[in-house]
Amino acid sequence: PLGAEKSLKNPVVGERAVALESRGQEKYRVYCGLCHGQTGAGDGQIASHMALKPPSLLTDKVRDFKDGRIYHIILEGQGVMGSYGAQVYKPEDRWTIVNYVRSLQ
């Protein structure tokens with residue numbers, strides 16, 4: 001993830017990011033919110049049933065991640081979180097999720 005953090009740059013910025021905001025919110029709701037919670041606090045509907053709880057996306061640690069690292073985690077997974085590359089298969093959709101996570105922070 002650290003290599004991705006340095007090399008991947010978010011192409012969905014400015015007016016384009018604003019135009020795609022609702023898409024990012026919807027993709028987050030469907031693919032991320034069940035575990036990470038609708039506000040990103042790590043308290044999603046199934047989190048209480050998990051042996052290892054999903055992290056809050058609102059911590060300073062995650063805030064300090066570069067966009068490329070969050071994108072890479074969506075694509076490849078991290079720790080016990082599996083890859084969502086097959087579910088969120090369009091790169092632009094992954095970037096809209098990254099932007100939505102930023103809006104929660």
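The model is predicted: local features need pLDDT of at least 70, side-chain atom pairs count only at pLDDT 80 or more, and totals for chains, interfaces and linings use all residues. Residues are numbered from 1 along each chain as its sequence is written, and side-chain values use heavy atoms, with hydrogens and water left out. Helices are DSSP runs (H or I, at least four residues), numbered from the N terminus.

**Helix 7**

- Helix 7 (91–104) has 14 residues and reaches 20 Å from its first C-alpha to its last.
- That is close to the 20 Å expected at 1.5 Å a residue, where the expected span is 1.5 Å times one less than the number of residues.
- Its buried residues are Asp93, Arg94, Trp95, Thr96, Ile97, Val98, Asn99, Tyr100 and Val101.
- Buried means under 20% relative accessible area, exposed over 50%, and partly exposed in between (1.4 Å probe, protein chains only).
- The buried residues of helix 7 pack against helix 2 (14–19), helix 3 (21–31) and helix 6; contact means heavy atoms within 4.5 Å.

- Thr96 sits in helix 7 and counts as buried because its relative accessible area is 3%.
- Beyond residues up to four places away in sequence, Thr96 touches Val12, Leu20, Arg23 and Gly24.
- A polar atom of the Thr96 side chain lies 2.7 Å from the backbone oxygen of Asp93.
- Val98 is also in helix 7, and with a relative accessible area of 0% it is buried.
- With residues up to four places away in sequence left out, Val98 touches Asn10, Asp67, Ile70, Tyr71 and Ile74.
- The C-alpha atoms of Val98 and His72 are 10.0 Å apart, at a sequence separation of 26 residues.

**Helix 6 and the loop to helix 7**

- Helix 6 spans 67–76.
- Gly68, Arg69, Ile70, Tyr71, Ile73 and Ile74 are buried in helix 6.
- Gly77 follows helix 6 and has a positive phi, near 85 degrees.
- Tyr84 lies in the loop between helix 6 and helix 7.
- Tyr84 counts as partly exposed, because its relative accessibility is 24%.
- Leaving aside neighbours within four places in sequence, Tyr84 is in contact with Tyr31, Ile74 and Leu75.
- Tyr84 and Lys53 are 31 residues apart along the chain, and their C-alpha atoms are separated by 18 Å.
- Tyr89 is in the loop between helix 6 and helix 7.
- A relative accessible area of 57% makes Tyr89 exposed.
- From Tyr89 to Leu104, the C-alpha separation is 22 Å over 15 residues along the chain.

**Gln38**

- Gln38 is in the loop between helix 4 and helix 5.
- At 41% relative accessibility, Gln38 is partly exposed.
- Not counting residues up to four places away in sequence, Gln38 touches Tyr28, Arg29, Gly33, Tyr100 and Leu104.
- Gln38 and Leu57 are 19 residues apart in sequence and 11 Å apart from C-alpha to C-alpha.

**The largest pocket**

- On a 1 Å grid over the protein atoms alone, a pocket is an open set of points where a 1.4 Å probe fits, with protein on both sides within 12 Å along at least five of seven lines.
- The largest pocket has a volume of about 650 Å³; a volume is the space filled by probe spheres set on the grid points, which are joined across faces, edges and corners.
- The pocket is lined by 28 residues; a lining residue has an atom within 4 Å of a point.
- Nearest the centre of the pocket are His36, Pro55, Leu57, Ile73 and Met81.
- Helix 3, helix 4 (33–36), helix 5 (60–63), helix 6 and helix 7 each supply at least two residues of the lining.
- Helix 6 gives the most, with three residues.
- The lining divides into 20 nonpolar, six polar and two charged residues.
- Here Ala, Val, Leu, Ile, Met, Phe, Trp, Tyr, Cys and Pro count as nonpolar, Asp, Glu, Lys and Arg as charged, and the others, Gly among them, as polar.

How values were computed
Polar contact = N/O pair within 3.5 Å; in protein donor to acceptor, adjacent residues only side chain to side chain.
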